[in-house]
Amino acid sequence: MGGGKRFAVLLCAEDSEYVKKRYGGYYGVFVEMLAEEGETWDVFRVANGEFPDDEQVDRFDGFVITGSCNDAHGNDAWICRLVSLLKKLDSSNRKVLGICFGHQVLSRALGGKTGRAITGWDIGVTTIHFSSSSSKLFSSLKIPTTLSIIECHRDEVRELPPKAEVIAWSEKTGVEMFRYGNHIMGIQGHPEYTKDILVHLIDRLSQRDFIVDSYADDLKANMGKMEPDKDAWKKLCTSFLKGRL
C-alpha cells in the first residue's frame with residue numbers, strides 16, 4: 001500500500017479546542033484524508049516557528065501545507081521562513097500539496113502574487129470547474145469535469161507564477177487550483193473539511209467580527225443545499241501526493 005513513504009504536514013494554523021477535541025487537531029484531519037497503510041506522517045507547527053531542518057527535509061517524500069488565519073502575502077517571520085523552505089522543496093522536486101493559505105503561499109514562493117479577493121469572502125460549498133488539460137491529468141481517476149468543495153477564504157492567487165498552469169476555476173475565483181511541473185499543486189478550497197468544521201469556523205469568524213452575524217446565519221441556513229465531493233477529493237489529493245497520476 002503506502003510502501004513505507006514519509007510525509008509531513010506543515011501546520012500553518014493554531015488548532016481550536018473544538019478541532020483538537022473532535023478531530024485531533026487539523027493535523028488529524030489531514031491524516032484522516034491522506035494517510036495510507038505503511039506510511040509515516042509527521043507534523044511541523046510552522047506557525048509556531050517549528051520547521052524541519054535540511055536533514056529532516058530529505059527524509060520526506062512529500063509535504064502538505066495547511067490553511068491559516070494569516071495572510072499569505074504577509075511578512076510575519078514564520079511566513080517568510082516558510083517561503084524560503086518552499087523554494088528549497090521546489091528545487092529538490094519534492095511533492096508539495098498546498099491547501100487554501102498553502103495554495104496561496106506556494107504561489108508566492110514560486111513567483112506569483114496573492115492578495116485580498118476582489119469578490120470578498122467565499123464561504124460555503126462551491127462548484128469548481130476543471131480545465132481541459134486537467135481532465136487529461138486526472139483521466140485515470142475518472143473524476144467529473146466539476147466537483148464541489150468547501151471554501152473559506154478572503155484572499156486568492158491574483159497572478160500565477162511563471163510556468164504554472166490553472167487547472168480549475170469557479171465563478172468567484174479564477175485560480176481554484178494550479179499545478180507547477182509535476183511536483184507542486186495548489187487547491188484554494190478545503191478538501192479535508194467537513195461541514196461540521198465549516199460551521200465551527202463560521203461561528204469563530206462571526207465571534208471575531210471578521211464577518212457579520214447576519215451573513216453567518218445565512219451561510220449556515222444554506223449549508224444543506226450542496227454536499228462536498230469528499231471521496232473524489234481524497235482520491236485526487238492522495239494520487240497526486242503519492243505520484244499515482
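Two strands pair if DSSP finds at least two bridges between them. Strands β3 and β4 pass that test with 4 bridges, and they run in the parallel sense. Keep this rule in mind while walking through the structure, which is a predicted model.

Start with the sheet. Strands of a sheet pair through backbone hydrogen bonds, either parallel or antiparallel. Here, 9 strands form an open sheet, and the pairing is mixed. Read across, the order is β2-β1-β3-β4-β11-β10-β9-β6-β7. Which strands stand at the edges? They are β2 (40–44) and β7 (146–153). Each has a single partner strand, so one side of each is left without a neighbour in the sheet. The sheet also twists, by an average of 25° from one strand to the next.

Now look at the parallel part. Strand β1 covers residues 6–10, and strand β3 covers residues 62–65. The two run parallel and are joined by 4 bridges. Find Phe-7 and you will see Gly-62 of β3 opposite. Val-9 stands opposite Val-64, also in β3. Val-64 has a bridge partner in β4 as well, namely Leu-97.

Is β3 covered or open on its faces? Both faces are covered. In a regular strand the side chains alternate between the two faces of the sheet. In β3, Gly-62 and Val-64 lie on one side, while Phe-63 and Ile-65 lie on the other. All four of these residues are buried.

Next, move to the antiparallel part. Strand β9 (residues 164–169) pairs with strand β10 (residues 177–180) in the antiparallel sense, over 4 bridges. Strand β10 also pairs with strand β11 (residues 184–187), again antiparallel and over 4 bridges. Follow Met-177 in β10. Ala-168 stands opposite Met-177. In β11, the bridge partner of Met-177 is Ile-187. The hairpin of β10 and β11 has 3 residues between the strands. Gly-181 in this hairpin takes a positive phi near 65°.

Which residues of α2 meet α9? They are Glu-32, Met-33 and Leu-34. On the α9 side, the residues are Lys-234, Cys-237, Thr-238 and Leu-241. By class, this contact has 4 nonpolar, 1 polar and 2 charged residues.

Helix α7 (residues 195–207) and helix α8 (residues 213–221) have axes that come within 9 Å and cross at roughly 170°. Angles over 145 degrees count as roughly antiparallel, so α7 is roughly antiparallel to α8. In α7, the residues in contact are Val-199, Ile-202, Asp-203 and Ser-206. They meet Asp-213, Ala-216, Leu-219 and Lys-220 in α8. An α-helix has 3.6 residues a turn, so residues three or four places apart point the same way. The contact of α7 with α8 divides into 4 nonpolar, 1 polar and 3 charged residues.

Go on to the loop between α8 and α9, and find Met-223 there. Is Met-223 buried or exposed? Buried means under 20% relative accessible area. Met-223 has 9%, so Met-223 is buried. Leaving out residues up to four places away in sequence, Met-223 touches Lys-195, Leu-198, Val-199 and Ile-202. Leu-198 is 25 residues from Met-223 along the chain, yet their C-alpha atoms are separated by 9.3 Å.

One more helix is worth a stop. Helix α5 (residues 101–109) is mostly covered, with 8 of its 9 residues buried. Among the buried ones are Phe-101, His-103, Val-105 and Leu-106. After α5 comes Gly-111, whose phi is positive, near 110°.

An unreviewed UniProt entry places the feature "domain: Glutamine amidotransferase" at residues 52–194. This span is 24% helix and 34% strand. Its end C-alpha atoms lie 29 Å apart.

Technical notes. Residues are numbered from 1 along each chain as its sequence is written. This is a predicted model: local features need pLDDT of at least 70, side-chain atom pairs count only at pLDDT 80 or more; totals for chains, interfaces and linings use all residues. Side-chain values use heavy atoms; hydrogens and water are left out. Contact means heavy atoms within 4.5 Å. Ala, Val, Leu, Ile, Met, Phe, Trp, Tyr, Cys and Pro count as nonpolar, Asp, Glu, Lys and Arg as charged, and the others, Gly among them, as polar. UniProt positions are given in the numbering used here, feature names are shortened, and annotations may be inferred rather than shown by experiment. Axes are lines fitted to C-alpha atoms, for helices over the stretch in contact, and angles run from 0 to 180 degrees between N-to-C directions. Angles under 35 degrees count as roughly parallel, over 145 as roughly antiparallel, 65 to 115 as roughly perpendicular and the rest as oblique. Buried means under 20% relative accessible area, exposed over 50%, partly exposed in between (1.4 Å probe, protein chains only).
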